[in-house]
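Me: I'm new to this structure and would like a close look at one part of it. Could you walk me through the place where the two chains meet, and then show me what lies around it?

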Amino acid sequence: MSTVRAGSRWIRADLRARRGQALLTVLAVAGIVAALLTAATLLEEGTNPWRGLFAQTNGAHVWAHTRDQPELGRLLALDGVARAAGPYRSAPVTVVQEGRKDPAALRAVPATPPEVSRPVIVEGQWLSTAQPDGVVVERSFARSLGLRPGEPLAMNTLSGARRVLYVRGIADTADQGFYPEWTPGLVWVLPVTLDQVEPSLGRSEWVTGLRLKDEDATQVVAQRVVVTLDEQLQRVHTWREVRAAMELDNRLLGTLLALFGVVGLVAAALALANAAGGRVLGQLRDLATLKSLGFTRRQVALLLIVEHGALGLLGIGLGTVGGLGVTMAVFGSTSLAPLPVVAIAGGTALVVLAAVGLPAWRGGRTPPIPAAPAAPPRGHLSRLARLALLVRLPPALVLGTRDAFTRRLPAFLTVFGLAVPMMMITIGLGVWATLDNFLKNPAQVGQTASLIVKKGKLTPAEAELFVSRDPDVRHAYPGSTVNALAPGEARSVRVRAIGTSTERYPFPVAEGRMYTRPGEAVAGQGLLDLLGVRIGDRVRLTVGGSPLIVRIVGRAVEPDLDGEVLSLGLDSLAAKDSVPPGFYALHLREGADPDEVRARLLAASGEGLEVQRVVNPAERLTILRVVIVALIAVLALIGLANLLTASALGLRDHASDLAVLKAMGLTPRQVTATLVTATGLLVVLGVFLGTALGALFVRGLIDLQGHASGVGAGIGRAPQPVTLGLAVLAAVGAALAVALIPARRAARVPVTAR
Amino acid sequence: MSVVLKAVNLVKVYTDSGVPVHAVRGVDLEIEAGEFVAIMGPSGSGKSTLIHMLGGLDARTSGEIWLDGRRVDTLSESGWALLRRRKVGFVFQNFNLVANMTVADNVELPALLAGASPREARERREDLLARLNLTERADAPPGQLSGGEQQRVALARALANRPSLLLADEPTGNLDSRNTRDVLRLLGEVHRDGQTIVMVTHDARVAALADRVVSLLDGEIVDDGRIPRRRPATGTAGEVIDLR
Ligand SMILES: Nc1ncnc2c1ncn2[C@@H]1O[C@H](COP(=O)(O)OP(=O)(O)OP(=O)(O)O)[C@@H](O)[C@H]1O
Ligand SMILES: [Mg+2]
């Protein structure tokens, strides 16, 4: 108790004496925690929006599609079922929009939104009996079609009738995955409307959602549903399939965020250790006094841990609140489970305590005789300083150079503490450059063709004619995609045939060679890993019952489908799969605008052709850029914290020397220069080291990640030299500016003041 | 009279610089309650080393130290720390105050550490500062005080727990004559109240205030003499001359 009182006095006094530094420490830690939390949420939201949607819509766990209306009572009677949505009648239609045809399901739901699996309106309004021709479109479907509330939605029914309904609202749901990964697209209508559009019960099905008491029982309940509905049942899907469908191929994002987070944490730990260590060094005299008063070694160490740890914990608290606040503001509700939050906060707390533990232990070992250890070590002229003397640098620079390295450990910590954030910033810039490169050179990720044309209503010959007549189309490669069963794998892989083995589509081959004749193929990294084969191996797949035997002669960079894609020429496929071609991949002339070409083709063919733009993988990863910017900000903050520690320590070490220097005849400006040189040298060293390391690692890291995500190595790009140069300049400039302020203040202090 | 402090064949050898330095070579010393002992000697004779060992700030190489009848040289570092809280007050030539804490906090700190309630600590501090005429400076940081004022605050702090033993290493070494007089007057006062004091000094005029002067040379005691108390009120010039 007594030591608590005495200790808290001391801590309070000490914190008061260095408010700015303490605040910066808190902010740096808070920034890291907030960034980690936001990143985790972004990741969760970006890669798995299912959880949030499911909670928001009070979703159903199991969905059954039946031919006739099922007896709801029997389903509700199943053990584990709590409530139900539906049964709703649902009819398939084809939405016709600007020459595109998209499969959709019209689902009849009441005008009062259901309790279970209630779609959440994001735009417009829910269905109303006042507007019988109004429909609500599922969000991803609406986005894919480019629909807004109020716009017409034209559709063909199975019988061939054409109807036009109007979009009344756009809603989110967890009933099914996103379009186009999950088809058909979902459109809600009123029962009366469905009766008009598709009166035939024989051409529709019934959809029932079951909400369970316990989601772990999903598998069991799904089995029982299958048994109960037996003949009637057409298919069943559960929330697991929906979640899997919603998950983006975002392992790249996840790994990068994790990397940034972990290294950021290490950097923050370093900054904390540095700050605490610097503080302890500056306080040795006071600590000795405390000991002469009767503080024990352990009490001093504890005191330091409490003081510096409290700052860290405060930062963690603030960061947690801030991070959750940000995600609340951005996503409305936080979809992050409590576990990651606890893990992030707890992990950071551990790191913080470990980081302050060492300096605290060191502080505890301060001998109680204050005189001897309190004096800063008078190093010999370091080698660098001697060099500076040799080349006749001004005295301030020589003195500063000498000072920079008098204390080895803090000098090292400062250099390292700046190098780590700088390295991460360089890596972030590299990721940015890689994304830019994706966008600028789509051919390098296999997207030479920027438009995919399907013949639609036209004959293959007509389609070919329209395409070949367009002035901006450089080459139209006929293509087909088929699914093939891999031996021993209970799943299919994509086989993509574009061009022929003589007129080859330019797949970006990163290893091996391009195929040159029928029976040869190139594969994505994901496929190689999945089948456990290497370049040069022969693989045997089954396409629609007939075997497909090809030799893999190379590896292509493959951003689609986790890289589990086999690419070959159409002539390698059996005729039944390749004639007529399923689509044409259009390689446009340099500088041609795909949207313009698309509009022209649609107009020329009288909306007969279906023309789709190819989505660049970088467009899906835009979220990454936000993350990069945020993390660079946090890393800069950490660097700044390190810098302030370094310059504060420098000042403390030199407080007594300054008077001597001035007495020796150094002008205030020279004194300032000495101090700035001392920190500046370390800054420059750290920044250059970090940039060099970052530039060295970035390509390898991204390629490694590319390999892991199936895309394959060969996509990594180092940041542009100009970008790097600017980053280095900005870092050094900001650092020197920050170092200059305390140095100038110190230089102005009159000699007599102690 | 009871013996407060006893040192038996105390030896200190510094070995950290490679060559062993025999700073203190077998010192025997007994200090009784209420005594005011000055330790004198030329620079490098081992005065600071000795007094540091007596306060447990530095470990002895061999020999014994007894405080209030208890052997203490075998104590661990934290054992010494606990002992210092209630029994030993320390004043250095420099570096006496925690720079970041106010004068008031500096004086209250040892009391709090020894287990006093914040109220007791405050009352004792107010009393001590009042006796030192430093009440108005209570909230100032030590850096704003003159050297003499700082040393008086340090003395107040060392006395805050009414220690059995006050150890002072050249408490006036850095001070001018007026400040020296202030500090010495304070020392004299607490001595008159019964405080046991061991003070290192190389100033003969300062040493003259003590009851007893121990002279060190090369780490050994070469002279240990009691000087009679000056009694300025009763003594006459004649008596002083007679004594000579
Ligand atoms: N930490 C140390 N390591 C090595 N030798 C030391 C150490 N401290 C003191 N000494 C040596 O021990 C001897 C005694 O030193 P000490 O400081 O006790 O002398 P002092 O009498 O207090 O001198 P001064 O009057 O100058 O303060 C000296 O020769 C000194 O060089
Ligand atoms: Mg000394």
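What follows starts at the contact between the chains and then moves on to other spots.

Reply: Happy to. Keep in mind that this is a predicted model, so let's read it as one.

Let's begin with the contact itself. Chain A brings 27 residues to it and chain B brings 30 residues. Between them, the two chains bury about 2,700 Å², and 60% of that is on carbon and sulfur atoms. Three residues stand out on the chain A side: Arg9(A), Leu293(A) and Ile369(A) supply 24% of the area that chain A buries against chain B, more than any other three residues.

Side chains of opposite charge can pair when their charged atoms come close. Across the interface of chain A and chain B there are two salt bridges. In one salt bridge, the side chain of Arg9(A) meets that of Asp105(B), at 3.0 Å from N to O. The count of residue pairs in polar contact between the chains is four. As for where the chain A side comes from, helix 1 (2-17), helix 9 (251-293) and helix 10 (297-331) each supply at least two residues. Helix 1 of chain A gives the most, with nine residues.

Let's step into chain B for a moment. Chain B has eight helices and ten strands, and buried residues make up 52% of its 244 residues. Chain B also has salt bridges of its own. Glu64(B) pairs with Arg71(B), with the closest N and O atoms 3.7 Å apart. Glu64(B) is partly exposed, at 26% relative accessible area, and Arg71(B) is partly exposed too, at 32%. Another pair is Glu149(B) and Arg137(B), whose closest N and O atoms are 3.9 Å apart. Glu149(B) sits in helix 5 (residues 147-159) of chain B, while Arg137(B) is in the loop between helix 4 (118-131) and helix 5, twelve residues apart. Glu149(B) is buried, with a relative accessible area of 19%, whereas Arg137(B) counts as partly exposed at 25%. Back at the contact between the chains, salt bridges that share partners join Arg9(A), Asp105(B), Glu108(B) and Arg125(B) into one network.

Over all chains, the salt bridges come to 25. One within chain A has the side chains of Arg555(A) and Glu511(A) meeting at 2.6 Å, N to O. Arg555(A) lies in strand 17 (residues 546-556) and Glu511(A) in strand 14 (residues 509-512), so the pair ties together parts that are 44 residues apart in sequence. Arg555(A) is buried at 3% relative accessibility, but Glu511(A) is partly exposed at 38%.

Chain A has a couple of other spots to look at. Thr57(A) is in helix 3 (residues 50-57), and it counts as buried at 1% relative accessibility. A polar atom of the Thr57(A) side chain lies 2.8 Å from the backbone oxygen of Leu53(A). The C-alpha atoms of Thr57(A) and Thr173(A) are separated by 6.4 Å, although the two residues are 116 residues apart along the chain. For a contrast, look at helix 22 (residues 668-708) of chain A, where Phe697(A) is found. Phe697(A) is partly exposed, at 39%. Together with Leu689(A), Leu693(A) and Leu696(A), Phe697(A) forms a nonpolar patch on the surface, with about 360 Å² of accessible area.

Definitions and conventions. Residues are numbered from 1 along each chain as its sequence is written. Chains are lettered from A and ligands numbered from 1 in the order in which they are written. This is a predicted model: local features need pLDDT of at least 70, side-chain atom pairs count only at pLDDT 80 or more; totals for chains, interfaces and linings use all residues. Side-chain values use heavy atoms; hydrogens and water are left out. Patches are made of residues with over 30% relative accessible area and no salt bridge: like charges are joined within 9 Å, nonpolar side chains (Val, Leu, Ile, Met, Phe, Trp, Tyr) within 5 Å. Accessible areas come from the Shrake-Rupley method with a 1.4 Å probe; for residues, only the protein chains shown count as cover. A salt bridge is a side-chain nitrogen of Lys or Arg within 4 Å of a carboxyl oxygen of Asp or Glu. Helices (H or I, at least four residues) and strands (E, at least two) are DSSP runs, numbered from the N terminus. Buried means under 20% relative accessible area, exposed over 50%, partly exposed in between (1.4 Å probe, protein chains only). Contact means heavy atoms within 4.5 Å. Buried area is the accessible area (1.4 Å probe) that two parts lose on being put together, summed over both. A polar contact is a pair of N or O atoms within 3.5 Å; within protein, one must be able to donate a hydrogen and the other to accept it, and residues adjacent in sequence count only if both atoms are side-chain atoms.
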